[in-house]
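Student: I would like to go through some of the labels used for this model. Please show me the sequence and structure.

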Amino acid sequence: MRPEQIVEATLFASQTPLTTSELARADDELTSGIVSEAIQALREAYEAEERSFQIYELGDGYQILSRPEFASYLERFDSVPRSPYLSGAALETLAIVAYRQPIGRIEIEEVRGVGASSVLRTLTDWELVEVVGRGEGLGRPLLYGTTRRFLEHFGLRDLDELPSPEELPVVLSGLEDDAVDAPGDASEAGA
Amino acid sequence: MTLATPTERSTNTPRGRSPLEGVQPFLVELDRFQGPLDLLLHLIRAQDIDIFDIPIARITRQFQLTIAEGLDDMPLERAGEFLEMAASLVRIKAQLLLPRPEKLEWEEDPRAELVRRLLEYEHFQDVVHVLERAEAQRGRHFGKGYVPDRPAPEGMRPELAVELHDFLEAASRIPEPPPPVRVRAPTRSVTVAEKVSLVRRLFEKAKRIAFERLFEPWGTRAHATAAFLAALELARQQVLRIEQSKPFAPIWLFAGGWVAATRGPNDDAPVSDGEPEAGEASP
């Protein structure tokens with residue numbers, strides 16, 4: 001079997017993103033490098049064949065997902081609970097953690113002007129943030145950071161995909177009129 | 001919402017405040033806001049106020065009026081957060097009113113810290129919009145398992161047919177509750193030291209002791225507790241080690257602590273009856 005076929009079969013059968021090293025476990029001949037090349041080849045093939053799905057990069061893994069143009073068709077099957085959209089408090093807290101990590105609860109509360117313990121507990125339960133260490137200060141406070149699941153939830157490849165503080169105004173003005181783009185994949189825009 | 005109108009304001013403020021500092025009717029729902037900074041930022045942005053030159057008196061009044069409406073229905077903690085901000089606003093207002101030395105430096109502006117916090121908060125509101133957008137985009141992609149499974153064919157579902165008769169029969173099989181346990185006052189106290197010497201005596205005869213043997217003949221809680229503490233103490237002293245193959249399985253005490261057990265081969269295997277489960281003897 002060709003590496004592309006093995007990688008495709010594995011991705012096809014998986015419900016969660018898989019890293020290249022996880023995918024390489026499918027066959028002794030596979031290495032992370034070969035898997036990466038196979039993914040690239042598959043992506044190009046799907047693109048050329050106008051498939052309804054694509055391989056997307058989420059966190060450090062890859063997953064086959066339907067393309068956004070097909071959302072309206074698939075949403076008709078929406079009888080299974082999906083992960084709900086996050087509340088304003090949760091998004092605010094995540095925004096601060098994402099840009100200031102590692103960060104303690106007190107610092108988050110200073111920025112938000114409101115308490116953050118319950119929202120941090122929820123985000124920890126949902127594995128969107130995790131304790132990444134302890135601070136130096138009084139009582140060695142817990143420090144929080146974002147998780148792989150955070151990237152997956154927002155369709156991000158890595159944290160660098162979030163705009164830098166200087167880029168933010170530009171990005172936001174661009175958001176007003178832009179079309180829906182694929183998560184973690186800028187290479188196929190305009191297809 | 002009842003808010004003071006400009007006419008009311010002018011009648012009950014005889015000290016001739018600037019009209020700019022007066023209260024404009026301003027209707028907002030407090031529930032919409034994440035917290036005091038969110039509300040404050042809204043008041044400022046919605047009125048196109050220069051954030052670097054906030055009319056503190058006017059904003060303070062608007063802030064107070066807005067929170068006065070919703071405060072009663074608010075959890076105490078959340079209300080406290082709004083009140084704290086209201087207090088800081090009043091403090092800044094007071095500092096602005098105090099006579100200051102002629103030489104005014106920009107750094108001395110009592111509003112500076114508030115402005116810094118508002119700008120920082122606003123920055124993260126922008127990030128929230130970016131995240132919201134990303135979340136919505138991600139929500140338009142679907143992975144395996146999204147479309148629900150087809151229901152299993154009829155024959156494969158076990159029939160759940162229970163009639164009253166079955167139910168009563170099941171109920172009749174529930175055993176009678178046991179008779180109440182009679183509680184005895186201990187007639188003689190037992191010490192941990194006694195149990196320790198009991199363990200040592202037993203180890204002279206066997207390499208392994210069932211934990212129950214240390215207290216069962218007496219059948220009191222005091223004995224069980226003393227035996228338990230004695231076992232822990234001896235384990236700490238490396239005289240014995242405690243093993244249990246799984247929860248609620250019999251507990252065995254083995255002569256020689258963990259140190260001794262890990263040092264040599266597994267040669268202190270139990271000699272008495274009641275062989276514990278395979279593999280359990282090796283640490």
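Tutor: Keep in mind that this is a predicted model.

Student: How many residues of chain B are in contact with chain A?

Tutor: 32 residues of chain B are in contact with 41 residues of chain A. Contact here requires C-beta atoms within 7 Å.

Student: Which elements of chain B give two or more residues to the side that touches chain A?

Tutor: They are helix 2 (36-46), helix 4 (76-97) and helix 5 (112-138) of chain B. Helix 5 of chain B gives the most, with 16 residues. By class, that side of chain B has 14 nonpolar, eight polar and 10 charged residues.

Student: What makes Ala68(B) count as partly exposed?

Tutor: Ala68(B) has 15 C-beta neighbours inside 10 Å. A buried residue needs 20 or more, and an exposed one has 12 or fewer. The count for Ala68(B) lies in between, so the residue is called partly exposed. Ala68(B) belongs to helix 3 (residues 56-70) of chain B.

Student: Which residues of helix 1 of chain A are buried?

Tutor: In helix 1 (residues 3-13) of chain A, they are Pro3(A), Val7(A), Glu8(A), Thr10(A) and Leu11(A).

Student: What covers the buried residues of helix 1 of chain A?

Tutor: The cover includes helix 2 (20-24), helix 3 (32-49), strand 1 (53-58) and strand 2 (61-66) of chain A.

How values were computed:
Residues numbered from 1 in each chain as written. Chains lettered and ligands numbered in written order. Predicted model: local features only at pLDDT ≥ 70, side-chain atom pairs only at ≥ 80, totals over all residues. Contact = placed C-beta atoms within 7 Å. Helix = DSSP H or I, 4+ residues; strand = E, 2+ residues; numbered from the N terminus. Nonpolar A, V, L, I, M, F, W, Y, C, P; charged D, E, K, R; others polar.
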